[in-house]
Amino acid sequence: MKLSQFKFKLPEDLIASEPCPVRDESRLMVVHRKTGEIEHRQFKEIIEYFNDGDVFVFNDTQVFPAKLYGNKEKTGAKIEVFLLRELNEENKLWDVLVEPARKIRIGNKLYFGEDESMVAEVIDNTTSRGRTLRFLYDGSHEEFKNALYKLGQTPLPPYIKREPVEEDAERYQCIFAKREGAVVAPAAGLHFSRELLKRMEIKGIKDAFLTVHSGLGNYREIDVEDLTKHRMDSEEMEVTPELVDTVNEAKDLDKQVCAVGTSVLRGIESAVSMGGHMKTFTGWTNKFIFPPYDFTVATAMVTNFHMPYSTMLMMTCAFGGYDLVMNAYTQAIKEKYRFGAYGDAMLII
């Protein structure tokens, strides 16, 4: 498979810049792998395709307000800082990206907030844009994190061409998110409302959770035509014994296992054992999935409509079949489905 095979023309006006007013009322395209049939439904009707004992696997990662704006000492130059992850709790060290990178050197101090009460010092250059910051803050770690996050904004995807607003803090977050660490929301999970989860529970559909802290690598451009040469950024993940037991029991009973999102599919495939079962896993994954690929655990997948050339599109094509998925995307554009994290959804079954 070549990078150029994942090109398609996406009209700018089909990229959703706002969430659907009601989480579970976005549109849902249902793609049947065996017959090639495509149906157009509403998301909350997804429950009609599953039965008692089937399992939905969700990603319970929590997005934190990772985008900060600060000023450089002396010059006052405006600097955008994107928090990636905390490296050391005791010393308040963070791995960050900065823009414009050329203006920042080791030893520079950055000031955040209207009163400039939050101060950070650049102590390391890791890449052309990456830096390590040490935040200078007297107080407990909890107080520091609260103060830091009050200054931060929701890290909306780069294709959403607007500044974050207050509503994004809630809507760019799954209702079951609980384990902080992501800067990219698992978008397929954004469609699930409390009402829908309750209806699924009443029908006997089980839920299970893994954690994949999705990073900016999801948006990094692939610069090689030969996909076997692309290297994914590593993401921290955990597969618990509870998840393994729930999924493996469903497999033994020949029930459906639905992966909610590409991050979940990656997580599952990073913890596959023999015979279509899963094993526990804690660590990092840089698994890159593109066609052809043989999935042994998940029997269904929920995903949003992705950007051209994206690794998420490649994984969707690997699961649904390249020709079928690309045909579905052609139909989605014709039918004016909304693309991106705030867009509509696809169920591949």
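The paragraphs below lead through a predicted model, from its open sheet to a hairpin, the nonpolar core, a helix pair and some backbone details. Residues are numbered from 1 along each chain as its sequence is written, and side-chain values use heavy atoms, with hydrogens and water left out. Because the model is predicted, local features need pLDDT of at least 70 and side-chain atom pairs count only at pLDDT 80 or more, whereas totals for chains, interfaces and linings use all residues.

The open sheet has nine strands in the order S2-S1-S17-S16-S14-S3-S12-S13-S15, with mixed pairing; helices (H or I, at least four residues) and strands (E, at least two) are DSSP runs numbered from the N terminus, and two strands pair if DSSP finds at least two bridges between them. Strand S2 (38-42) and strand S15 (281-285) stand at the edges with a single partner strand each, so one side of each is left without a neighbour in the sheet. From one strand to the next, the twist averages 25°, where axes are lines fitted to C-alpha atoms, for helices over the stretch in contact, and angles run from 0 to 180 degrees between N-to-C directions.

Within this sheet, strand S14 (residues 257-260) runs parallel to S16 and is joined to it by three bridges, with Cys 258 having Ala 300 as its bridge partner in S16. Further along the order, strand S12 (residues 206-212) and S13 pair in the antiparallel sense over two bridges, and here Thr 211 stands opposite Glu 238 in S13. S13 is also joined to S15 by five bridges, again in an antiparallel arrangement, and the bridge partner of Met 237 in S15 is Gly 283.

In a regular strand the side chains alternate between the two faces of the sheet.

Strand S6 (residues 78-88) and S7 run antiparallel and are joined by seven bridges, among whose residues Glu 86 has Trp 94 in S7 as its bridge partner. Strand S7 (residues 93-99) is mostly covered, with six of its seven residues buried. Four residues lie between the two strands of the hairpin, where Lys 92 takes a positive phi near 55° although Lys 92 is not a glycine. At 9% relative accessibility, Lys 92 counts as buried.

In soluble globular proteins, nonpolar side chains tend to be buried together. The largest nonpolar core here has 117 residues, and those with the most contacts inside it are Phe 50, Phe 56, Val 81, Leu 83, Phe 135, Phe 192 and Leu 347; such a core is a set of buried Ala, Val, Leu, Ile, Met, Phe, Trp, Tyr and Cys residues joined through side-chain atoms within 4.5 Å. Leaving aside neighbours within four places in sequence, Leu 83 is in contact with residues including Phe 64, Leu 68, Trp 94, Val 96, Phe 135 and Val 183, contact meaning heavy atoms within 4.5 Å.

Two packed helices are described by the angle between their axes and the distance between the axes. Helix H6 (residues 311-320) and helix H7 (residues 322-334) pack at about 120°, with their axes 6 Å apart. That makes H6 oblique to H7, because angles under 35 degrees count as roughly parallel, over 145 as roughly antiparallel, 65 to 115 as roughly perpendicular and the rest as oblique. Leu 313, Thr 316, Cys 317 and Gly 320 in H6 meet Tyr 322, Leu 324, Val 325, Met 326 and Tyr 329 in H7.

Phe 305 is found in the loop between strand S16 (300-304) and H6, and is buried with a relative accessible area of 0%. Not counting residues up to four places away in sequence, Phe 305 touches residues including Met 29, Tyr 329, Ala 332, Phe 339 and Met 346.

Some backbone details remain. The peptide bond from Glu 99 to Pro 100 is cis, with omega near -10°, and Pro 100 is in the loop between S7 and strand S8 (109-112). Pro 291 and Pro 292 are likewise joined by a cis peptide bond, with omega about -10°. Asp 254, in the loop between helix H4 (241-252) and S14, has a positive phi near 60° and counts as exposed at 71% relative accessibility.

Definitions and conventions: Buried means under 20% relative accessible area, exposed over 50%, partly exposed in between (1.4 Å probe, protein chains only).
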